Structure formats: C-alpha cells, structure tokens
Amino acid sequence: MTVDFPVLTSLIVAPLLGAVVVALVPSRRSEVHLPLGIALSMIPVALAGWLFVAFEKTAGFQFAEFTEIYSGWGVNWHLGVDGISLPLIVLTTILVPVSLAVSGAITDRTKLFVAMVLLLEAGMIGVFLALDLIVFFVFFELVLVPMYFIIGIWGSESRIYAAVKFFLYTAFGSALMLAGIIALGLGNLRATGSLTFDYVAIAEVGVAVGSQWWLFLVFALAFAIKVPLFPFHTWLPDAHVQAPTAGSVLLAGVLLKLGTYGFLRFNLPLFPEATLDAVPWMAALAVVGVIYGAAVAIVQPDLKKLVAYSSVSHLGFIVLGTFALTRQGLEGAVIQGVNHGLSTGALFLLVGMLYERRHTKKIADFGGLAKAAPLMAGFFLFMSFASIGLPGLNGFVGEFLILVGSYATLPVYAIVAATGVVLATIYLLWAYQRVFTGEPTSEDNAGMKDLKGVEVTVLSVLSILILVLGLYPRILLDKITPTTDALLERMEISTSYVVPPGGSDG
C-alpha cells in the first residue's frame, strides 16, 4: 500500500527531531526535559496508531517508500512495513513514553538522557522498517550508541563494565553480518549486472544453495547475540541489572526483538535451504535457552537478575516457534515478541519502582510488602501471571501457538520446552511469595510507599493491552497471518527449486 504522506520516514524522523528539540532546551531547565520528551514521544505513538488502523490484512510490504541515496553503491532509502514488523513498531512507540514516564529518578543530565532515549527509538523503528540491507545495518548499529550511554551513564555500580560488554558482544556479531551483506550485494551484481543491497530485489533473484550456509551463519550469529540465544546470552544479565529502569524496559521490550525479527526477516526467506538444515541446531539452542534461563532464574537472589534470566527463557520460546516453520509457530513467534515486551517490560518497571523506594534489588531484603503497597503487589502478581502464560492473558496466546506449532514438526523439542512454563511458574510465584506475602520483615518494608498516580497510570495502560491481546488476539493475528503464510509459501517454493548457476551467488 502506498500513500502520499511519508508515514514511515516520519516515524523515524519524529523521534530524531524530538531529540534535537530536547537538546535545545537549556540544561538549567531540567524540570522541562522529561515532560517535553514524553510529549514528543507521543507523536510516534499517533503515527503508529494510524499505521495500525490503515494497515491492510494482506501480505507484502505496505506504505513503501523508495528514494535513491547513491546509485554507484546500490544503496537506497527503501522502507516498508508488513505483518511481522508492524506489531513491533507499535510496541516500540508505546514503550518509549512509558519508559520516560517512570524515569523521574533520573536527575543528572536529564536532557542527555531524554535525547538518548528518543535517538534509540529512531534506531529501533528504523531497523523494523528498512528494506535496504545497508540502511538496515546502519540502524542495527545505531541502537548500540544510545543504549551504551544509557547503561554507562545512568546505570548502577558496574555500569561501565556492563555497557562495554554489551557493546563489544553485539558489535562483533554485526561486523560479521556486514560481510554477509556485502557478499549478497556482490552476488546480485554477478547475477544481474546491477549492484544493489535492496532486500526485495535480492530475495527475488535468490541466493545460490552453495552460498546459503555461510551467509546463514553470519546473519544468524549477529541475531543470536542480539536475542540473545544460548550460549551468547552472558551480556544480557549484566546489562539488565546495571541499566536504569528505562534502559531495562527498552532492552527487554524492543532491543532483544531485533534479533528475533532478523531471523524472520532475513534468515528464513533469503536462505531457505540452509534454514531447513539448521532447524535441529537452532531448535536445540532455543530449548536449552528456555530451560537454562528458567532454571537459573529460580536460584537468583537478585530480583532484577531473575527477570533478566526469564527473558533468556522467553526468547528461547520465540526462536523455537520461528524454526518450527509452521503457521502457528511463526504466528506465535511474532505475537510473543509483543507479549514479552509488555509483560516483562512491566516487571522491570515494577522492580525499578521497588528499587527507588528501598534502594535494593535483593529478594532477601524484602518481605510482606503487600501490607504496605497493595497496589504494587496486585500489579506484580498480574504481570507475573501474564509472563507465566495464564489463560486469558497475552502470554498464553503466544506460548500456546508456539508449542502447538512446534509440536507439529519438532515434537520432542516442544515437549521439553513446555517444562519451561512450569519452571516460570516456580520462579515468578516463589519470588512474589518472598517479596510480597506474609508480615513485613522490617520497618523499611512496613513503611514503604505504594504506587504513585503516574505509576498506576502506566501500569494500567500495559495491563489493558495485556488483557486485550489475551482475550482478543485476532487484533494482531489478522495482520500477522497473511505475512507468515506468504513466508512459508515462499520457503516451500524456494526449497523445492535449486537456484541455477545464473542466480545470485552471495
């Protein structure tokens, strides 16, 4: 679908301009920076809302924009949105104002903080919209810079270590992916005589079977680190624990989805034969991540690290659904990306609210908080149920589709992964019991303040979204299904047809 108004470019430019506007406000007016940032971040929300309503329930890229950047290098400003990217764009625009709204504890260099969050938003949206591989790579790398500073400046005690580890891990994988992107462009040049890095053009020509395996590997490594998929996950707990609340919410809610999105957008359609060969390996890593993340979460003494390891487990489910290569599996993978962003993002919000009041994240330091803060206890239990996958809430929809879809092609993996649901019940409800139930274990716990108005508002918005997706998932599935069906159809055609010598040689 095309429109005269460049809505996709506007989605990227709006937060960039917002960052500039905030940067122009004098530093001495620190009380203005956060409210202004929240107000400016509502512009992308409005644009994404219009995009969601206007999006047609068909396959293919809609609202496409194409402008030549440099013909000599085959680089173009090519943007488009489909049923895979649309839900993640809407999620991104929702979580940014949510993150800013609960960042009142940030009192140092607030102007820079707000500007970094808005710059991060522009980069994340750009990743989901870019259809030129070079432009995609630029946005994929751009998100590292603001998140590095968000962790490194406003994080906890070991923030520099966590920020550097986060940057080095993800930059290493991206460097290998860049080599693969260049190879794809040169392969298309040999096949067609035209140098281009356009995703649509490369997909139409196809990639020779002999080149697919190494290209699959370099792309998969970059995305596996970003997810992060076991055993590339070790940067994640440090980054989450050290990041400020807004950083943890955006990291879990959106940044990790850049990896799962990459698998769906690039690995499956561009390298279908290699994908089929890699299914047992990818599924095995996904299941190990599900069980490992949940098992380690159970024994965590730090509440924030517990939620961080739960992300390793939940993202393993998404990767399993992706490589099940079934309709239900792919649908579940896409919608679970949104579900995880809402429920786990909300849990990080609640942990941050606890930390602001008690200045500790140790589970042993809490106890009996429900007496003093019943609203916080209620929201924490609700978000835990959503994360566990209680029927009627959003997490159930995604996990059910993934397990049904993966059981059809990977029954053993699905059965083992299902134990991750049981383990999630253990680590979340046991944590809730130790933190909130019983009598207060100290005067600090007995006198802890309950949620403020803005905190209740933010958590209520997320709760409503969780209920809507749990009770009426068709609001997303109707837009997701045509794209996932087209992806499976393309893979079926591609895997039954060997690209001839004249095809792209990657």
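Strand β1 (residues 62–70) and strand β2 (residues 75–81) run antiparallel and are joined by six bridges. Pairing requires at least two DSSP bridges between two strands. F66 has H78 in β2 as its bridge partner. Four residues lie between the strands of this hairpin, where G74 adopts a positive phi near 70°.

The model is predicted: local features need pLDDT of at least 70 and side-chain atom pairs pLDDT 80 or more, while totals for chains, interfaces and linings use all residues. Residues are numbered from 1 along each chain as its sequence is written, and side-chain values use heavy atoms, without hydrogens and water.

The chain contains 22 helices and two strands. These are DSSP runs numbered from the N terminus (helices H or I, at least four residues; strands E, at least two). The C-alpha trace spans about 75 × 55 × 40 Å along its principal axes.

Of the 506 residues, 61% are buried (under 20% relative accessible area, 1.4 Å probe, protein chains only). Among contacts (heavy atoms within 4.5 Å) with a separation of 6 or more, 82% link residues 24 or more positions apart. The chain exposes about 17900 Å², with 68% supplied by carbon and sulfur atoms; areas follow the Shrake-Rupley method with a 1.4 Å probe.

Terms used. Buried means under 20% relative accessible area, exposed over 50%, partly exposed in between (1.4 Å probe, protein chains only).
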